[in-house]
Number of protein chains: 2
Amino acid sequence: MAANKYRPEQSIAIAVDCIIFGFDSKDLKLLLFRRKTEPLKGSWSLIGELIDNDISLDQSAKDILYRLSGLENVFLKQLKTYGQVDRDPLERVISVAYYSLIRIDEFNLQSLENHDAKWFDFDQIPDLILDHGQMVDDAIKSLRSSVRYNPLGFELLPEYFTIQQLQTLYESIYRTAFDPGNFRKKMLSLDILERTAKKDKTSSKKGAFLYRFKKDSVKQFPTQTGDFERIKEVIKF
Amino acid sequence: MAANKYRPEQSIAIAVDCIIFGFDSKDLKLLLFRRKTEPLKGSWSLIGELIDNDISLDQSAKDILYRLSGLENVFLKQLKTYGQVDRDPLERVISVAYYSLIRIDEFNLQSLENHDAKWFDFDQIPDLILDHGQMVDDAIKSLRSSVRYNPLGFELLPEYFTIQQLQTLYESIYRTAFDPGNFRKKMLSLDILERTAKKDKTSSKKGAFLYRFKKDSVKQFPTQTGDFERIKEVIKF
DNA sequence: ACAAAAGTGTTGCTCGTACACCCATGG
DNA sequence: CCATGGGTGTACGAGCAACACTTTTGT
């Protein structure tokens, strides 16, 4: 490292790590990698790297995703920064964690092999190196609470999808079952879905209408909340 | 900087910045500092510093608060990390922002003078250096959404307080007025307040009971949420 | 025709909101 | 004795949960 003008003696490396969530229209999964370098070579880990001097944090995370999957414009959100002194055994590394949401079917299979990577079901996540396990836990919590407030999750579905598929996604995020009738009514009432003329007949004889996410609907809603809508669930979590 | 083992050419400084919110039983305020060093000397800014090699991020933020105020155990939360390449004009600095909640009356006045610091009302916040203005905006948003889920804000009140004072705090966080009767009922229904025998007579003839926050009440509540309690306000914000 | 998934309707209940009303007391 | 803030009660409505019910169509 070159000397630092403000504080020459500072000697801390900085990395970006990515938690990658994927959905295959059935289960929510996590992408993990076998570490290729010492120390801890061969253990499961998130993907990450020490950043370049002239690339922003956000861009570094995007670049990791792009090189890995070939995908651009994926959903990517900064999660938290991990700064314990001894989190890496070799030297001090501060890591900024990001998480992303990806459709598994869009992901290049060859790329998985090249990177020695594998999709894991949530109940089968192995031990991860360093504090990567903590990062994953934090990311799942953050994802769950994000979905409460943002019409998120559409990144994980194909452009056209049935209400049923959307429900399956939400169920796998929350690990719980919703009532089909109520789920449908709630989602439709939000006025963020657009029904198309097409039907999907793969899972029923009657066929289910395919919907599409209304892009323009985001942000145009007035945040018309009453008093306690704001401080409602003060005690939860 | 000494050379970095994993990636010797990396040359990025790392800092912690603190957004300090204070409450004087009437208004929510922000503590700002006149920058003492070039570049941008004399402009208003948050307080922060390049961290030590052997101090964690969380501890660095705590230390800043402690040296400034003499207070320990203040509420402190990591907000976000700012990593644009050119955010600092002199060299690349990545900054991890924290925000904290403090009672203004506990704050050492002499310390304010020593640091050339001043409490600002929210509607009178001046332009800040670098991306500190963005940090403050992000912190306010985060504070508002945190208060929704955590019995937070008690850090900002004296040990004994009236429901009225609690309401004033929430009103200044949300910049809105709540119905006194409903606010009272809601807060009491949460079972996190303990009524004491004492009364505060400074603002009425009848006198208002002083309450105290039940410390043991946190976390013991079952997160018993129904289906849509989870995905309820999908569209807000 | 019937099984099975798609989709609709109905009812009870909880809880936020609005607002009327009682209580205590110092001047 | 009345003005003022503290504190309680009630009625209405919105929205979630549970579940019964109708629709469609391939076999």
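Colleague: Let's start with B:Lys29: is it buried or exposed?
Modeller: B:Lys29 is buried, with a relative accessible area of 17%, and please keep in mind throughout that this is a predicted model.

Colleague: Which residue does B:Lys29 meet in a salt bridge at 3.8 Å, N to O?
Modeller: The side chain of B:Asp24 meets that of B:Lys29 in a salt bridge of 3.8 Å, N to O, and B:Asp24 itself counts as partly exposed, at 31% relative accessibility. B:Asp121 also forms a salt bridge with B:Lys29, and there the closest N and O atoms are 3.8 Å apart.

Colleague: And what does the pair of B:Asp121 and B:Lys29 tie together?
Modeller: Because B:Asp121 lies in strand 7 (residues 117-121) of chain B and B:Lys29 in strand 2 (residues 28-34) of chain B, the pair ties together parts that are 92 residues apart in sequence.

Colleague: Which residues are linked in a network of salt bridges?
Modeller: A:Arg7, A:Glu9 and B:Asp52 are linked in such a network.

Colleague: Switching to helix 1 of chain B, how far does it reach from its first C-alpha to its last?
Modeller: Helix 1 of chain B, residues 57-69, has 13 residues and reaches 19 Å between those two atoms, close to the 18 Å expected at 1.5 Å a residue.

Colleague: Which of its residues are buried?
Modeller: The buried residues of helix 1 of chain B are B:Leu57, B:Ser60, B:Ala61, B:Ile64, B:Leu65, B:Leu68 and B:Ser69. They cover an arc of only 145° around the axis, and therefore they sit on the same side of the helix.

Colleague: What follows helix 1 of chain B?
Modeller: The helix is followed by B:Gly70, whose phi is positive, near 80°.

Colleague: And which phi values do A:Leu130 and B:Asp191 have?
Modeller: Phi of A:Leu130 is near 50° and phi of B:Asp191 is near 60°, and each is a positive value in a residue other than glycine. For context, most residues other than glycine have a negative phi. A:Leu130 is found in the loop between strand 7 (117-121) and helix 3 (132-149) of chain A, where it is partly exposed, with a relative accessible area of 29%. B:Asp191 is found in the loop between helix 5 and strand 8 (193-200) of chain B, and it is likewise partly exposed, with a relative accessible area of 37%.

Colleague: Staying with helix 5 of chain B, what about B:Ser189?
Modeller: B:Ser189 has its place in helix 5 (residues 180-189) of chain B and is exposed, with a relative accessible area of 53%. A polar atom of its side chain lies 2.7 Å from the backbone oxygen of B:Lys186. From B:Ala61, B:Ser189 is 128 residues away in sequence and 35 Å away in space, C-alpha to C-alpha.

Colleague: Last topic: what does UniProt list for residues 153-213 of chain A?
Modeller: The UniProt record, an unreviewed entry, lists those residues as "domain: NrtR DNA-binding winged helix". In the model, residues 153-213 of chain A are 36% helix and 23% strand, and the end C-alpha atoms are 10 Å apart.

Notes. Residues numbered from 1 in each chain as written. Chains lettered and ligands numbered in written order. Predicted model: local features only at pLDDT ≥ 70, side-chain atom pairs only at ≥ 80, totals over all residues. Heavy atoms only, no water. Helix = DSSP H or I, 4+ residues; strand = E, 2+ residues; numbered from the N terminus. Expected span 1.5 Å × (residues − 1). Buried < 20%, exposed > 50% of the residue type's maximum accessible area, 1.4 Å probe, protein only. Arc of directions from axis to C-beta. Polar contact = N/O pair within 3.5 Å; in protein donor to acceptor, adjacent residues only side chain to side chain. Salt bridge = Lys/Arg side-chain N within 4 Å of Asp/Glu carboxyl O. UniProt positions renumbered as here; feature names shortened; annotations may be inferred.
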